[in-house]
Amino acid sequence: MVKIEVHVISREIIKPSSPTIHNLQPYKLCLLDQLTPTSYAPMMLFYPKSNEANMDDTQFLKHLKRSLSDTVLNVLYPFSGRVKTNMFVDRFDEGVSFMEARVNCSLSEFFEDPQIESLNQFLPCPPLAKESQDDVTLLIFQLSVFSCGGLALDGCMSHKLGDGGTASTLFSAYQGSSSCDFEALLPNLAKASLVFPPRNDVPRQLFSLMTNGLWKTTASQIKRFVFDAKTIETLMEKARGESDLKPSRTGALSGFLGKRYMAASLALSGSPRPCILRYVVNLRERTEPLLFDGTIGNLFRTVGAVSKPEAGLELHELAIIISESIAKMDHQDFLKSLQGDEGFN
């Protein structure tokens with residue numbers, strides 16, 4: 001087994017190409033952004049070498065940098081700025097960091113026996129590491145080239161500026177994806193601050209709750225489990241049972257993992273224990289007015305699905321608990337309590 005080694009060979013700052021970037025008004029954070037501690041959220045994409053590509057590594061690297069400068073940062077301009085006083089982002093001409101690295105094995109060798117502990121080498125900074133100040137680079141990319149020509153495009157996005165939905169918008173824009181509607185994106189980009197207005201006096205207890213929830217001092221492990229499409233379809237059928245419930249792939253799979261967790265806990269402790277599954281729920285499709293899918297920001301809340309410590313709980317029963325827990329986020333009274341100037345009071 002080859003020991004994975006990733007060596008950084010260059011670093012530079014990429015800035016937006018548009019001269020009008022200096023004329024933009026500061027981008028307001030929303031209250032949910034203010035409550036989110038400054039840390040970096042990781043993103044990873046792997047690409048095999050394309051035989052149809054008409055560019056060598058050097059040309060492709062130039063293409064990525066040009067795309068970042070000419071498209072991504074001109075549209076998603078807040079990522080090129082810096083946070084100020086936990087209220088807004090300005091200085092959009094500061095730019096983002098871009099690093100190039102080389103990997104000592106082929107992409108196929110890496111995936112034949114993925115070394116989970118080596119993944120952090122592909123990231124340009126430690127994931128979810130607490131930053132000491134807000135005034136940091138909001139986006140860092142690392143392009144790692146495998147010996148076969150395969151690529152790993154990895155990024156660290158400041159969690160202060162967005163969530164998983166924001167990361168999806170960012171990567172869709174970078175890849176020039178047809179799913180990224182640039183014309184609709186720009187006017188809707190900053191609307192989160194209208195629904196969740198920022199405050200000069202962020203509630204300390206809420207900020208502490210977010211901080212304590214993100215950084216734990218307890219030891220943790222990362223494991224990799226692979227479920228193919230057929231297995232997931234089978235789990236979805238079992239999660240549905242005889243009810244009219246339409247469980248999602250995520251709901252069925254997490255229910256299965258929760259059931260196995262309870263079984264393992266029972267075997268170790270000798271008595272049944274409750275299981276808590278936490279879900280991240282996208283608020284964009286639930287607010288009033290609705291927010292555009294491409295609106296950036298920490299537009300999510302977490303919800304817990306709690307099962308009682310009962311032995312023999314079936315997958316379809318867990319699926320119902322999960323579905324009912326997530327459905328609570330659809331109650332308009334609850335959502336309205338989060339929005340506006342009096343939100344979270």
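Thr 287 is buried, because its relative accessible area is 3% and the cut-off for buried is under 20%. This residue lies in the loop between strand E9 (275–282) and strand E10 (300–307). What does Thr 287 touch, not counting residues up to four places away in sequence? The answer is Val 195, Phe 196 and Gln 339. Keep in mind that the model is predicted.

Now step back to the whole protein. It has eleven helices and ten strands. Of its 345 residues, 45% count as buried. Residues 24 or more positions apart account for 77% of them.

Turn to the sheets. Strands of a sheet pair through backbone hydrogen bonds, either parallel or antiparallel.

Strand E1 (residues 6–14) pairs with E6 in the antiparallel sense, over eight bridges. Here His 7 stands opposite Arg 102 of E6. Next comes strand E7 (residues 139–145). E6 and E7 pair in the parallel sense, over six bridges. Tyr 47 has Leu 151 in E8 as its bridge partner.

Is strand E6 (residues 96–103) largely enclosed or largely open? Seven of its eight residues are buried, so E6 is largely enclosed by the rest of the structure. In a regular strand the side chains alternate between the two faces of the sheet.

Helix H2 (residues 57–75) and helix H4 (residues 164–174) meet at an angle of about 115 degrees, with their axes 9 Å apart. On the H2 side, the contact is made by Leu 64, Lys 65, Ser 67, Leu 68, Thr 71 and Val 72. On the H4 side, Leu 170, Ala 173 and Tyr 174 take part. By class, the contact of H2 with H4 has six nonpolar residues, two polar and one charged.

There is also an open sheet of three strands. Its order is E2-E5-E4, and the pairing is antiparallel. Strand E2 (27–28) and strand E4 (82–84) are its edges, each pairing on one side only. E4 and strand E5 (residues 88–90) are joined over three bridges in the antiparallel sense. Look for Val 83, whose bridge partner in E5 is Val 89.

The axes of helix H8 (residues 229–240) and H10 come within 6 Å and cross at roughly 80 degrees. H8 is therefore roughly perpendicular to H10. Leu 235, Lys 238, Ala 239 and Arg 240 of H8 meet Leu 315, His 316 and Ala 319 of H10. This contact of H8 with H10 divides into four nonpolar residues, one polar and two charged.

How far apart are the axes of H9 and H10? Helix H9 (residues 249–269) and helix H10 (residues 315–327) pack with their axes 9 Å apart, at an angle of about 120 degrees. The two are therefore oblique to each other. H9 passes H10 in a right-handed crossing. H9 brings Gly 251, Ala 252, Ser 254, Gly 255, Phe 256, Gly 258, Lys 259 and Met 262 to the contact. H10 brings Leu 315, Leu 318 and Ile 322. Six nonpolar, four polar and one charged residues make up the contact of H9 with H10.

Methods:
Residues are numbered from 1 along each chain as its sequence is written. This is a predicted model: local features need pLDDT of at least 70, side-chain atom pairs count only at pLDDT 80 or more; totals for chains, interfaces and linings use all residues. Side-chain values use heavy atoms; hydrogens and water are left out. Axes are lines fitted to C-alpha atoms, for helices over the stretch in contact, and angles run from 0 to 180 degrees between N-to-C directions. Helices (H or I, at least four residues) and strands (E, at least two) are DSSP runs, numbered from the N terminus. Angles under 35 degrees count as roughly parallel, over 145 as roughly antiparallel, 65 to 115 as roughly perpendicular and the rest as oblique. A crossing is left-handed if the near helix is turned anticlockwise from the far one by less than a right angle, and right-handed if clockwise. Contact means heavy atoms within 4.5 Å. Ala, Val, Leu, Ile, Met, Phe, Trp, Tyr, Cys and Pro count as nonpolar, Asp, Glu, Lys and Arg as charged, and the others, Gly among them, as polar. Two strands pair if DSSP finds at least two bridges between them. Buried means under 20% relative accessible area, exposed over 50%, partly exposed in between (1.4 Å probe, protein chains only).
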